[in-house]
Amino acid sequence: MEIVNVSEYEAVAKQKLPKMVFDYYASGAEDQWTLKENRNAFERIRFRPRILVDVTNVDMTTTVLGFKISMPIMIAPTAMQRMAHPEGELATARAASAAGTIMTLSSWATSSVEEVASTGPGVRFFQLYVYKDRHVVAQLVRRAEKAGFKAIALTVDTPRLGRREADIKNRFTLPPHLTLKNFEGLDLGKMEKSQDSGLASYVAGQIDRSLSWKDVKWLQTITKLPILVKGVMTAEDTRLAIQAGAAGIIVSNHGARQLDYVSATISCLEEVVKAAQGRVPVFLDGGVRRGTDVFKALALGASGIFIGRPVVFALAAEGEAGVGKVLQMLRDEFELAMALAGCRSLKEINRNYIQTEADIVQSLSRL
């Protein structure tokens, strides 16, 4: 069967992967309401296209933190990609580089920062959790810098892991032939070997629950890399992130894997953008499956989007070629959406091109 859109990879991955692995990638927290809402909220936004615009040339290029990329579609950090395919993060890195876009490497990757760097040139960001042992954090950041990574995506919505019931039922563990490569060879102090997946469960238990805004400032004392704060969903936290020196914000609900019944990221985006007041770029992840979704996010003020699950599903289905195809399909759909909406460049995309439910309610109240 020829795959014609990004979402079709999920069914292929479900057939190919062991249930425990597929469920780990696919599931959300608790009732999975937010998981569904991340998609549904995009579907409630309508277009207001303009006609008779010459769209012979449509320019999708943009700049993120000073790096020129081919399109505002980037790769979000997803953990343990070698569970999906033997080449894991290395295949993803090559596909991102070939597409001229940015890959974010999860610190819980099954390939190390050094291995990813060895795949060749490319703009890469490193996703980071803050651990109880700040020495471990400093070691990870130093290695990412040395390997040529260009920014830190600091995940701030995980003082504890969300309750993912599929993982509890499946007794999820990292397959024994894999390991969290970024932690190998680190001085982890006394690591208690637990009976399941040793390193993986140890690392998850090491996330610091006391993480606060002062730690965002501390991180800036140990690295010159720009810090993107990932997991912001409110105006209040946007202002605090900027005060703390964030170089950018990623509106994210962790793929709906943390607190269930939070709003979809696309529903929070405008509030965050307004609070940022153009002082830092705002990005979004969660639920993006179409080029039209990318357009909607940009119309609401995002500087770009990150995709997560489509990458691991495509990786499971077709390896590096699958990831490349996901990026190409989203790129083609986004270009088509721009042309049909009447936009020739990203700077032409604005709020007037879309209509949200709130807009409809407002216009009805004026009647």
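**Entry 1: ground rules.** I call a residue buried when its relative accessible area is under 20%, exposed when over 50%, and partly exposed in between, using a 1.4 Å probe and protein chains only. This is a predicted model, where local features need pLDDT of at least 70 and side-chain atom pairs count only at pLDDT 80 or more, while totals for chains, interfaces and linings use all residues. Residues are numbered from 1 along each chain as its sequence is written, and side-chain values use heavy atoms, with hydrogens and water left out.

**Entry 2: salt bridges.** Side chains of opposite charge can pair when their charged atoms come close. For a salt bridge I need a side-chain nitrogen of Lys or Arg within 4 Å of a carboxyl oxygen of Asp or Glu. How many salt bridges does the structure hold? I found 18.

I began with Asp208 and Arg134, whose side chains meet in a salt bridge at 2.7 Å, N to O. This pair links distant parts of the chain, 74 residues apart: Asp208 sits in the loop between helix H8 (199-205) and helix H9 (213-222), and Arg134 belongs to helix H6 (residues 134-146). My helices (H or I, at least four residues) and strands (E, at least two) are DSSP runs, numbered from the N terminus. Is Asp208 buried or exposed? Asp208 counts as buried, because its relative accessibility is 9%.

I looked up two other pairs. Arg344 and Glu348 join their side chains in a salt bridge of 3.2 Å, N to O. Arg344 is partly exposed at 36% relative accessibility, and Glu348 is partly exposed at 25%. Arg351 pairs with Asp359, and their closest N and O atoms are 2.9 Å apart. Arg351 is partly exposed, with 25% relative accessibility.

**Entry 3: H4 and H13.** I fitted axes as lines to C-alpha atoms, for helices over the stretch in contact, with angles from 0 to 180 degrees between N-to-C directions. Helix H4 (residues 88-98) packs with helix H13 (residues 309-341) at an angle of about 15°, their axes 8 Å apart. That makes the two helices, H4 and H13, roughly parallel; the cut-offs are under 35 degrees for roughly parallel, over 145 for roughly antiparallel, 65 to 115 for roughly perpendicular, and oblique for the rest. The H4 residues making the contact include Gly88, Ala91 and Thr92, and those of H13 include Val311, Leu315 and Glu320. Contact means heavy atoms within 4.5 Å.

**Entry 4: H10 and H11.** Helix H10 (residues 235-243) and helix H11 (residues 265-276) have axes that come within 8 Å and cross at roughly 40°. H10 and H11 are therefore oblique to each other. On the H10 side I listed Ala235, Glu236, Thr238, Arg239 and Ile242, which meet Glu271, Val272, Ala275 and Ala276 in H11.

**Entry 5: Ile45.** Where is Ile45 found? I located Ile45 in the loop between helix H3 (33-43) and strand E1 (46-47). Ile45 is buried, with a relative accessible area of 8%. Setting aside neighbours within four places in sequence, Ile45 is in contact with Ile266, Lys296, Leu300, Ile354, Gln355 and Thr356.
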